[in-house]
Amino acid sequence: MTRTPVPRSGIDRIAPYRGGESRLEGRSDALKLSSNENPLGTPEAAKAAWLEVAGELHRYPSDDHAGLRHAIAEVHGLNPDLVICGAGSDEVISFLCQAYGGEGTEVIHTEHGFSMYRISAMASGAAPVEVPEVERQVAVDCILDGVTDRTRLVFVANPANPTGTMIDASEVSRLAEALPSHVLLVLDGAYAEYVEGFDGGRALVEARENVVMTRTFSKIYGLGGLRVGWGYGPAHVISNLNRVRGPFNLSTVQLSVAEAAVRDRNWVRRCFKENAACREWLSRSLAELGVLSDPSSANFILARFRDEEEANACDAVFREAGILVRKVRGYKLPDCLRITVGSESDCRRVVESARRFREAQK
Ligand SMILES: *Cc1c(COP(=O)(O)O)cnc(C)c1O
């Protein structure tokens, strides 16, 4: 009998992450509202930075990301020594699991939580532990009930994906306070820029030794294809994450383009405003058609239907109209569709299709 190499236990149980669909058979004009991308595209300053580095590509990139870390720190009023950058916040999540997870440990995520938490935990050898939410909202007491001596990490996205809901700063503080001191709380702020005056958990990071915040360039900065994210945490945590980080994990292109983008504060303001106005109109117009959603704090809404069958039927009408949204059965929300807030005309296309769906039901 031939034997093949065998991976560490648990690797074969990982269900690989699948990105939102981007193509519709037979259509070249599909409207992609399945990955929470920025409908305004990428800021011009970022594109210019991309062209500028073309002459530098024979050089290895910075191994300490000093330029980008200082830009992030300046813009957000942070200590640059406590910032770590990765290939998307996905990579920072993976550093956290590699450094603090591993065999014999448990990593907590919530019922409808982002699937990379589970995947990265399992890749490290840790056991993912799912705890309930209450009405599609993260519930601090359910998280605390799930903590054991083996727990090392707790992942909470605030605002959350795919629900779009948010919990109060007071609840987040209560969680950080109540967790045993051996547990690291990770606050995923991928959508923090879509919330007026929200620091993503920065104050809590600075006040405590057991809280880390992650952020991304993939959403409001319109750079999902670039792959840059960052984390901010206590010195002891950042030092450990840098031990597992490869020295050249970000290319010269990634570093320069992200630096130009983070300095473009007008872009962020403009995208914030557009998103807030379009989201409000989209959720209200869908509600008038009987398609409800929880108040969203992000750049998408989670549209709720009577059941899975109705959600799938509406999805079929969207696809007929060339619109791609995200089915979220894998997030235990089979009766819902996650719809990215597009431009004003994108939102009109969505509402028109939803209206046709309702009319066809009569
Ligand atoms: C989109 C998203 C991210 C960002 O991932 P990147 O790797 O930075 O592109 C992180 N967390 C959540 C909850 C997200 O929805």
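In this predicted model, the largest share of the lining of the largest pocket comes from helix H4, which contributes four residues. Helix H4 spans residues 115-124 and, like strand S12 (326-327), supplies at least two residues of that lining. The volume of the largest pocket is about 740 Å³, and among its 27 lining residues Arg18, Ser115, Arg326, Gly330 and Tyr331 are the closest to its centre. By class, the lining of the largest pocket comprises ten nonpolar, seven polar and ten charged residues.

The ligand is located in the second largest pocket, for which a volume of about 500 Å³ was computed. This pocket is lined by 27 residues, with Tyr17, Ser35, Phe114, Lys219 and Arg227 lying nearest its centre. Helices H3 and H4 each supply at least two residues of the lining of the second largest pocket, and the largest share, three residues, is that of H3. Seven nonpolar, twelve polar and eight charged residues make up this lining.

Around the ligand itself there are 13 residues, of which Asp188, Tyr191, Thr216, Ser218 and Lys219 come nearest. Helix H3 (residues 88-100) provides the largest share of this shell, three residues, and the shell as a whole consists of four nonpolar, five polar and four charged residues. A side-chain N or O atom of Asp188 lies 2.6 Å from a nitrogen atom of the ligand, whereas a backbone N or O atom of Ser89 is placed 2.6 Å from a ligand oxygen atom. In the side chain of Arg227, an N or O atom is 2.7 Å from an oxygen atom of the ligand. The ligand taken alone exposes 380 Å², of which 94% is buried by the protein.

Note on methods. Residues are numbered from 1 along each chain as its sequence is written. This is a predicted model: local features need pLDDT of at least 70, side-chain atom pairs count only at pLDDT 80 or more; totals for chains, interfaces and linings use all residues. Side-chain values use heavy atoms; hydrogens and water are left out. A residue is near a molecule or strand if one of its heavy atoms lies within 4 Å of it. A polar contact is a pair of N or O atoms within 3.5 Å; within protein, one must be able to donate a hydrogen and the other to accept it, and residues adjacent in sequence count only if both atoms are side-chain atoms. Accessible areas come from the Shrake-Rupley method with a 1.4 Å probe; for residues, only the protein chains shown count as cover. On a 1 Å grid over the protein atoms alone, a cavity is a set of points where a 1.4 Å probe fits but cannot get out, and a pocket is an open set with protein on both sides within 12 Å along at least five of seven lines; lining residues have an atom within 4 Å of a point. A molecule sits in a cavity or pocket if more than half of its atoms lie within 2 Å of its grid points. Ala, Val, Leu, Ile, Met, Phe, Trp, Tyr, Cys and Pro count as nonpolar, Asp, Glu, Lys and Arg as charged, and the others, Gly among them, as polar. Grid points are joined across faces, edges and corners, and a volume is the space filled by probe spheres set on the points.
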